[in-house]
Amino acid sequence: MSLTVKECQNFQPGLKPYKKADSNGLYLEIFPNGSKYCRLKYRFGGKEKRLALGVFPEVSLLEARDGRDAARRKLREGIDPSVEKKLRKRSAEIVSRGLFCAVANEWHAHKDQGWSRETSRKARMVLDTYLIPKLGKMSIATIATADFKPILLDIHGRAPNLASKARQYCNQIVQYAIQDGLREDGKLLVLHGALPPVTGGHMTAVTKESDIPQMMKTIHSISSLLSKSGILLCVYTALRPGTAVCAEWSELNKDYSEWHIPAAKMKTKNDHITPLPLQMRPLLEQLKERAGRSPYVFPGERSPHTTHMHRDSLSKALRNAGLKNITVTHGFRATFRTIARERLKIDSDILEAQLAHAKKGEVQAAYDRTQFLDERHKLVQRWADYLDELQIKSCTL
């Protein structure tokens with residue numbers, strides 16, 4: 001006898017789940033929490049299987065029987081209804097999640113957990129500026145190499161190194177989609193060779209002692225206290241500009257002699273302490289007076305309480321001051337590494353510790369934790385004094 005609606009309504013939960021048969025494999029399973037599930041029992045390929053048809057009374061008895069009959073028709077056609085249901089669910093998921101913009105954002109959130117702030121910012125900029133505006137509405141399941149190539153070439157025309165990064169991002173986004181079942185296995189992009197070769201070379205930097213006085217004179221002439229201080233912080237400490245601009249007041253000690261940088265802000269993912277020279281202290285005191293309630297030493301112009309200055313602002317200040325094609329902010333690291341070694345005869349290990357370069361080799365990275373902090377305090381002050389002396393000498397000649 002088939003079940004009636006009233007019977008289904010009156011079934012009470014027991015201590016354990018129990019079943020009440022309807023007809024042709026359909027049954028109602030009642031759980032201790034009162035939930036009542038409509039299920040179909042059937043055999044396919046010699047195996048007994050189950051198909052969920054919904055929860056009663058959200059799914060009526062009549063609807064459950066319709067679902068049963070539809071499933072049995074599939075069985076007669078040699079189709080497993082459970083497998084077909086999973087495929088329909090996956091297709092619906094691909095429709096809802098399968099646009100390039102959705103997958104790209106998911107990929108960024110996934111990778112962001114292990115990225116530095118600067119790496120995350122760069123990837124976000126590539127997505128929002130170049131990829132999503134042109135590819136965002138396309139299906140990740142069908143998007144092809146030819147869709148990416150003209151965008152990468154456009155980026156290459158503006159910033160060749162950034163184009164190489166963007167190519168990596170594109171490949172990783174597609175791989176992420178494949179791993180999540182949103183794109184067919186093995187359907188990778190073929191972007192190798194899509195970009196013209198980039199001529200190798202180093203970042204523009206001052207590496208001759210004779211060029212330092214003019215560089216320092218130009219930097220000191222920058223009218224913006226914020227930009228000048230940020231640039232000088234990079235000059236004196238040889239920190240990466242992306243690290244320098246995100247300094248927070250809480251990370252500086254009281255006399256501004258040290259900056260304790262948390263691992264999350266470092267490329268090496270290790271905490272780093274950098275000494276600060278006496279020359280930075282009056283600049284920091286002025287910045288502190290202007291900071292107000294901002295936690296950042298170099299607050300952003302639009303949202304000073306929530307964002308810090310962008311590293312590109314320092315690069316722009318250098319270009320506007322007349323140092324274009326002479327040096328870039330990252331180039332101060334080369335200036336420091338080259339001249340401090342050649343002219344000041346500083347030990348390479350101490351220089352590398354100040355530059356916060358990753359240890360080479362797994363054993364060295366695991367066991368060599370030396371920081372040479374006392375030696376680096378002397379180094380940073382000696383380096384700042386040396387730069388000042390060169391500028392003063394050039395003015396008296």
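Hi everyone, this is a short walk through one protein chain, from its overall form down to a few single residues.

Before we start, please keep in mind that this is a predicted model: local features need pLDDT of at least 70, side-chain atom pairs count only at pLDDT 80 or more, and totals for chains, interfaces and linings use all residues. Residues are numbered from 1 along each chain as its sequence is written, and side-chain values use heavy atoms, with hydrogens and water left out.

Let's begin with the whole chain. We have 16 helices and 6 strands here; by definition these are DSSP runs, with helices being H or I of at least four residues and strands being E of at least two, numbered from the N terminus. Along the principal axes, the C-alpha atoms fill a box of roughly 110 × 50 × 45 Å. The radius of gyration is 32 Å, while a compact globule of 397 residues would come out near 21 Å. That radius is taken over C-alpha atoms, and the globule rule is 2.2 Å times the number of residues to the power 0.38.

How much of the chain is buried? Of the 397 residues, 40% count as buried, where buried means under 20% relative accessible area, exposed means over 50%, and partly exposed is in between, with a 1.4 Å probe and protein chains only. As for contacts (heavy atoms within 4.5 Å), 58% of those with a separation of 6 or more come from residues 24 or more positions apart.

Now to the inside. In soluble globular proteins, nonpolar side chains tend to be buried together. A nonpolar core here is a set of buried Ala, Val, Leu, Ile, Met, Phe, Trp, Tyr and Cys residues joined through side-chain atoms within 4.5 Å. The largest one has 53 residues, and Met216, Ile219, Ile231 and Leu284 have the most contacts inside it. Among the elements that each supply at least two residues of this core are helix H8 (212–220), strand S5 (258–261) and helix H16 (373–396). Which helix gives the most? That is H9, with 7 residues. Leaving aside residues up to four places away in sequence, methionine 216 touches Leu232, Val235, Tyr236, Leu387 and Gln391. Apart from this core lies another, of 33 residues, including Ile151 and Leu191.

Next, please find phenylalanine 100, in helix H4 (residues 100–112). This residue is buried, with a relative accessible area of 0%. Its contacts, not counting residues up to four places away in sequence, include Leu131, Leu135, Phe148 and Ile173. Phenylalanine 100 and lysine 134 are 34 residues apart in sequence, and 9.9 Å apart in space from C-alpha to C-alpha.

Finally, some backbone details for you to look up. Phenylalanine 56 and proline 57 are joined by a cis peptide bond, with omega about 5°. Proline 57 sits in the loop between strand S4 (47–56) and helix H2 (61–76).

Two residues other than glycine have a positive phi. Tyrosine 256 has a phi of about 60°, lies in the loop between helix H10 (241–244) and S5, and is buried, with a relative accessible area of 13%. Phenylalanine 372 has a phi near 50° and is found in the loop between helix H15 (362–367) and H16. Is phenylalanine 372 buried or partly exposed? Phenylalanine 372 is partly exposed, at 26% relative accessible area.
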